[in-house]
Amino acid sequence: MSSRREFLKNTSAIGFGLVTIPNIALGVPIANTKEKINMGIIGVGLRGTAHLKNLLLRDDVNITAICDIDNERLKIAEKIISEAGAVRPKLFGKDEFEYKKLLELKELDAVIIATPWSWHVPMSVDAMRAGKYAGVEVSAATTLEGCWDLVNTHEETGSHLMILENVNYRRDVLAVLNMVKQNVFGELVHFRCGYQHDLCEVKFNDGQQPYGGGVEFGEKAISEARWRTEYSVEHNADVYPTHGLGPVAVMADINRGNRFVSVSSFASKAIGLHNHVVKLGGEDHPNAKVIFKQGDVITSTIKTARDETIIVTHDCNLPRPYSLGFRVQGANGIWEVDGNRIYIEGDSPPHQWEEANRWLQDYDHPLWKRFGEFASGSGHGGMDFFVLHAFVESAKRNISPPLDVYDAAAWSALTPLSGKSIAEGGVPQQFPDFTRGKWENRKPLNWMKGDF
Ligand SMILES: NC(=O)c1ccc[n+]([C@@H]2O[C@H](COP(=O)([O-])OP(=O)(O)OC[C@H]3O[C@@H](n4cnc5c(N)ncnc54)[C@H](O)[C@@H]3O)[C@@H](O)[C@H]2O)c1
């Protein structure tokens, strides 16, 4: 995300001297709702630990069990829990499959999966089969088979899966969604989005610190460089589509009156990661010989059933400032996040961009108005509070989450489809209809309600 260091700083700055967020302050109606749920976390690396810290601030969640195959991460999590004055959780992680023992715990209601991508599908499937309310980090799956496994398991078991896409809860994104719902842009025509973030210091480190300091990846590295970089070696595809696509999908009613139909993708040359290795490690470093398959800039154009187009960019290997590059364009106007600018016909001066601040404030989302104070400091500018809040409140009611298994499948499917399209020279690939036709009659959620 925009600044992981800042994120960690903010998250730890919450501290545990602060009072927890009481149910009553969150204004939760208690009828038909569990007052408190027992939660497990599988994977307490950087992301799982951030979730842990945020969950410890709530008094409607017990952290009942945690699992990680890295004993050091378990120790860090245990210390955080003990410093928060919470009950010691059950610990798992003797091997890669001990998470299944965690899922057998009868008292467990819900589980968060914050492990490397290759584990998301098996762990989500096992969690749903065990009857747990599952939340999976992004992306949910990297293959079409994996996407279908998630959908089929949900349909077979009735257990829910939420994709924990925090960007859907970003303040500007929710304000623009509010504008979309109030028809400010008119009929929607075109979107742009993506993940544009220089990840060189995430993809390589020195095995001691999670960000940079060296050019190792795989077994000699820690945190994401240990597993994520492999996807840049093996795959020429948009491997991280949901931060951009998730918010746009909700604006475009995907799976609820609309759907992704096809995608055509192209990849540029791949020079960024090699250059980074040589710059920091020298020509003779063994990783200077690695061939990285992933093009530095991958561009996908999606066509929707309502004839909108969505350009999705994956741009993570070159020096550049962070941006998710959002653009929302309709018959009456356009918003672009880069440049913080907007144009609404009849309101903005003719043919001139306006600064977007006024509009973003006027259409501030009810959730942010209500919980903004709690949210600030929760990480990633506050959006981490909201995604967890939606997860916890949905799990307490055991209802379908706002970002459900069909969303997880449709958004994540861009990874295998973009890979196939690139390999075939840009040939359009058809998106499976993961809803099996239900998208036509499924109604958009009421995203403007102010509880979660
Ligand atoms: N939404 C966001 O803003 C955001 C930000 C960062 C990461 N993420 C996502 O969160 C997930 C985790 O990322 P991270 O940065 O925490 O990575 P990480 O490498 O720091 O943490 C992953 C953890 O999973 C553990 N693990 C691996 N296999 C396991 C297994 N079989 N059983 C139990 N534990 C296992 C590892 O030991 C490690 O501690 C990824 O999917 C990533 O894309 C999302």
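Tutor: By class, the shell around the ligand holds 12 nonpolar, eight polar and seven charged residues, where Ala, Val, Leu, Ile, Met, Phe, Trp, Tyr, Cys and Pro count as nonpolar, Asp, Glu, Lys and Arg as charged, and the others, Gly among them, as polar. This is a predicted model, in which local features need pLDDT of at least 70, side-chain atom pairs count only at pLDDT 80 or more, and totals for chains, interfaces and linings use all residues. Residues are numbered from 1 along each chain as its sequence is written, and side-chain values use heavy atoms, with hydrogens and water left out.

Of the 27 residues around the ligand, Arg47, Asp68, Val138, Ser223 and Glu224 come nearest; a residue belongs here if one of its heavy atoms lies within 4 Å of the molecule. Helix 6 (117-129) is one of the helices that supply at least two shell residues, along with helix 3 (46-56) and helix 10 (224-227). The largest share, four residues, comes from helix 6. Helices here are DSSP runs (H or I, at least four residues), numbered from the N terminus.

Now for the polar contacts, pairs of N or O atoms within 3.5 Å. An oxygen atom of the ligand is 2.8 Å from an N or O atom in the Ser223 side chain. The protein covers 94% of the 840 Å² of accessible area that the ligand has on its own, by the Shrake-Rupley method with a 1.4 Å probe.

Key:
A polar contact is a pair of N or O atoms within 3.5 Å; within protein, one must be able to donate a hydrogen and the other to accept it, and residues adjacent in sequence count only if both atoms are side-chain atoms.
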